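Hi,

Here is the structure I promised to pass on. Have a look at it first, and my notes follow below.

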Amino acid sequence: MEQRHLGRTGLRVTRLGLGTLNWARDTDEQEAADQLKAFWEAGGSLVDTADIYADGGAEYLLGRLTEELVPREHLVIATKAGSVLEADRRVDGSRRHLLAALDASLERLGTDYVDLWQLHAFDPHTPLEETLQALDLAVTSGRARYVGLANFSGWQLARAGTWQLAAPGVRNRLASAQMEYSLLQRGIEREVLPAALDLGIGLLPSSPLGRGVLTGKYRHGTPADSRGASEHLAAFVAPYLDETASRVVEAVTTAADGLAVTPLQVALSWVRDRPGVTAPILGARTAQQLRAALSVETLSLPDEIRQALDDVSAPVHHYPDHDWSTL
């Protein structure tokens with residue numbers, strides 16, 4: 001599998017990453033083992049998880065499988081911290097919480113360090129400088145090799161990235177921004193993506209298949225074994241089952257028919273090759289689904305098809321994104 005540098009850093013990762021959101025919840029240990037083995041045998045290296053996935057179960061499972069199936073040094077392990085399941089708050093970006101969460105993640109993963117440690121979300125109640133200091137402490141203590149962010153807005157990412165660059169040698173450059181990005185969700189193109197490109201931050205798109213909708217599986221209803229039919233994920237899929245999304249899915253399906261490939265391959269190839277993207281994160285539920293996604297490695301979309309998909313999925317951006325004098 002082709003490799004790319006993660007942002008403006010020396011870290012190289014494969015241009016597809018393996019996500020573990022479903023592990024230890026909808027994906028059992030045997031299925032997770034099959035996924036990791038298939039990913040590694042395909043040449044994949046970047047494996048993404050978080051301390052909140054299955055309440056730490058995903059990290060624990062990844063640690064066990066790494067020990068049994070794949071040598072640790074062959075993987076680029078990324079995890080996240082900051083999200084909490086408390087009645088009065090959803091994010092805790094305090095230095096106290098973050099460093100304690102990192103120690104707990106390392107213990108579950110069975111490793112002395114993670115290759116990439118990311119803030120899971122922005123905490124409006126903690127000074128950003130304090131939150132970012134936790135990232136620097138993680139690197140200087142050897143517990144993380146690189147650091148990044150997830151789910152930050154444009155101004156938040158720009159402020160954090162600029163702050164880190166203001167003291168070279170003292171603060172650590174942000175390597176990554178993990179954000180939802182697909183043909184059904186192009187909101188980051190408004191401010192997040194321009195900021196990331198300017199600051200040299202590599203984008204790791206989550207839900208690159210539009211929460212599964214871009215595979216075309218929901219065109220004629222909701223399959224009983226799909227996320228859209230599950231009790232805890234139906235609401236996650238529902239926003240992408242409207243008429244606007246249907247038009248995009250039909251365009252993807254038409255392109256796939258013309259290229260004799262699958263809608264999954266078309267949608268994933270589109271986001272993988274967008275400017276600023278380092279590696280989409282594949283959150284497959286089964287090894288079979290993962291193998292289907294990994295088959296995209298050999299596909300590059302013709303320019304005319306890429307442009308057609310750009311047009312049909314283009315978000316509406318007006319002032320101040322365009323010159324005010326033309327509006």
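At what angle do helix H8 and helix H11 pack, and how far apart are their axes? H8 (residues 243-259) and H11 (residues 303-313) meet at about 170°, and their axes are 9 Å apart. (Axes are lines fitted to C-alpha atoms over the stretch in contact, with angles from 0 to 180 degrees between N-to-C directions.) That makes the two helices roughly antiparallel, a label used for angles over 145 degrees. On the H8 side the contact (heavy atoms within 4.5 Å) includes Arg247 and Leu259, and H11 brings Ile305, Leu309, Val312 and Ser313. By type, 8 of these contact residues are nonpolar, 1 is polar and 1 is charged.

Before you go further: this is a predicted model, where local features need pLDDT of at least 70 and side-chain atom pairs pLDDT 80 or more, while totals for chains, interfaces and linings use all residues. Numbering starts from 1 along each chain as its sequence is written, and side-chain values use heavy atoms, without hydrogens and water.

Next, helix H5. Gly154, Gln156, Leu157, Ala160, Gly161 and Gln164 are buried there, meaning under 20% relative accessible area with a 1.4 Å probe, protein chains only. They sit on the same side of H5 because they cover an arc of only 165° around the axis, taken from the directions to the C-beta atoms. Their packing partners are helices H4 and H6 and strands S9 and S10.

Finally, asparagine 172 lies in the loop between H5 and S10. Leaving aside residues up to four places away in sequence, asparagine 172 touches Asp136, Val139, Val147 and Gln164.

Cheers

How values were computed: Buried means under 20% relative accessible area, exposed over 50%, partly exposed in between (1.4 Å probe, protein chains only). Helices (H or I, at least four residues) and strands (E, at least two) are DSSP runs, numbered from the N terminus. Angles under 35 degrees count as roughly parallel, over 145 as roughly antiparallel, 65 to 115 as roughly perpendicular and the rest as oblique. Ala, Val, Leu, Ile, Met, Phe, Trp, Tyr, Cys and Pro count as nonpolar, Asp, Glu, Lys and Arg as charged, and the others, Gly among them, as polar.
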